[in-house]
Amino acid sequence: MHQQLLDLIDKAQIDIAQCSSPNDILNAKALYLGKKSYLNTLFSQLRELSAEERPAFGQKINDARTKIEELLNFKEKALKTQNWDKQNAGVKTDFSMPGIMPERGGLHPLTIIMHEIEDTFLSMGFEIAEGFDIEDEFHNFDALNTPKDHPSRNLADTFYLDNGKLLRTQTSPVQIRVMENFKPPIRIISPGRCYRNDKPDPSHSPVFSQVEALVVDKGVSLADLRDTLQNFAILMFGPNVKSRIRPHFFPFTEPSAEIDISCVNCGGTGCRVCKNSGWLEMGGAGMVDPNVFNIVGIDPEIYSGFAFGLGIERITMLKYNIPDMRILFENDLRMLRQFR
Ligand code: PHE
């Protein structure tokens, strides 16, 4: 019985493929689905079956019916388009008609700047390393020489997950993952999202992006860090931009610094954007702490290195004159359409 149904579908398939007019379709419909069709006879036989056998058998007949209906519909549509083509054969196309513009998408401004930053560092000989948004305490804190009682580990600052992991608060754990897996010389950047338990305001968001840089080799010095930052600033913001580093503290770098560039809005004379200081804060930096080298098994007597982390929202806001970080996450189409 099952085989008979399969054979019927095969036969219908061949017949329907050969239909070449609406009339052929009507005939095929009558033959396979009409009152006197084989399928209909099977339906009438259902009554003779026991109550247990009936549902499965009925289901099979129904499936065959649906399949044949689909074949017929498909062929009917195909014949209609063929007809349209025939009727319109010889009609000249009017090339002066205005076309229909397809809707065009665009990249988010953060993505555009992220790509620009990546291209800039690639041109300076860096490679790109990918990290994980979900990290463990070891990579986000312990291996970065962060004391157990450091305030950044606090629930009020870090999003912890139920499984004991956390959403990384910085891209610095990528430094650890790279040094665990690769031997120096190392020269990488790692862009990506970070998460902190901050209330959104004009310069904060619980989700934000950083780009981390790490260089490890023999004889790497603070002068190399300065030089790399200055080159990057010029390539990103033009030849007149200046950069400077100011002493600061991070657990995983020694010495540590904060990075500033001269205000790209006023050129350093002082304005609203730089709060009259002439300088804009871009991120943190420093020389890799020997404790960190020891944790990942790199000998600090042989190698030295520098690292820095820049805020990508900050750079994007400066480049596009966006006054409030929240604008980058609201996804208002009136803003996004300007970047198509
Ligand atoms: N991870 C630090 C932060 O988020 C920035 C930093 C990166 C500092 C690399 C030093 C070296 O503030």
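This is a predicted model: local features need pLDDT of at least 70, side-chain atom pairs count only at pLDDT 80 or more; totals for chains, interfaces and linings use all residues.
Colleague: Good. How many residues does helix α8 have, and what span does it reach?
Modeller: Helices (H or I, at least four residues) and strands (E, at least two) are DSSP runs, numbered from the N terminus. Helix α8 covers residues 222-237, which is 16 residues. The expected span is 1.5 Å times one less than the number of residues. For α8 that expectation is 22 Å, and the distance from the first C-alpha to the last is close to it, at 22 Å.

Colleague: Which residues of α8 are buried, and how wide is the arc they fall within?
Modeller: Buried means under 20% relative accessible area, exposed over 50%, and partly exposed in between (1.4 Å probe, protein chains only). In α8 the buried ones are Leu225, Thr228, Leu229, Phe232, Ala233, Met236 and Phe237. Taking directions from the helix axis to the C-beta atoms, these buried residues line one face of the helix, because they fall within an arc of 130°.

Colleague: Which residues are exposed on the other side of α8, and what do the buried ones pack against?
Modeller: On the other side, Ala223 and Leu235 are exposed. Contact here means heavy atoms within 4.5 Å. The buried residues of α8 pack against α5 (109-123), β6 (243-250), β7 (253-262), β8 (279-288), β9 (304-311) and α10 (312-320).

Colleague: Where is Thr158, and is it buried or exposed?
Modeller: Thr158 sits in the loop between α6 (137-140) and β3 (166-167). Beyond its neighbours within four places in sequence, Thr158 is in contact with residues including Phe141, Arg153, Thr169 and Asn197. With a relative accessible area of 1%, Thr158 is buried.

Colleague: Thr169 is one of those partners. Which side chain makes a polar contact with Thr169?
Modeller: Thr169 is in the loop between β3 and α7 (173-181), and at 6% relative accessibility Thr169 counts as buried. A polar contact is a pair of N or O atoms within 3.5 Å; within protein, one must be able to donate a hydrogen and the other to accept it, and residues adjacent in sequence count only if both atoms are side-chain atoms. At 3.0 Å, the side chain joined to Thr169 is that of Asn140.

Colleague: How many salt bridges are there in the whole structure?
Modeller: A salt bridge is a side-chain nitrogen of Lys or Arg within 4 Å of a carboxyl oxygen of Asp or Glu. By that rule, the search of the whole structure finds 16.

Colleague: How far apart in sequence are the parts tied together by Asp142 and Arg153?
Modeller: Their side chains meet in a salt bridge at 2.6 Å, N to O. Both Asp142 and Arg153 lie in the loop between α6 and β3, so the pair ties together parts that are eleven residues apart in sequence.

Colleague: And which residues are linked with Arg246 in a network of salt bridges?
Modeller: Glu281 and Arg246 meet at 3.9 Å, N to O. Glu281 lies in strand β8 and Arg246 in strand β6, so that pair ties together parts 35 residues apart in sequence. The residues linked with Arg246 in the network are Arg244, Glu258, Asp260 and Glu281.

Colleague: Which residues come nearest to the ligand, and how far is the side chain of Gln210 from an oxygen atom of the ligand?
Modeller: A residue is near a molecule if one of its heavy atoms lies within 4 Å of it. Of the 14 residues around the ligand, Gln170, Ser172, Arg196, Gln210 and Glu212 come nearest. A polar side-chain atom of Gln170 lies 2.8 Å from a ligand nitrogen. For an N or O atom in the side chain of Gln210, the distance to a ligand oxygen is 2.9 Å.

Technical notes
Residues are numbered from 1 along each chain as its sequence is written. Side-chain values use heavy atoms; hydrogens and water are left out.
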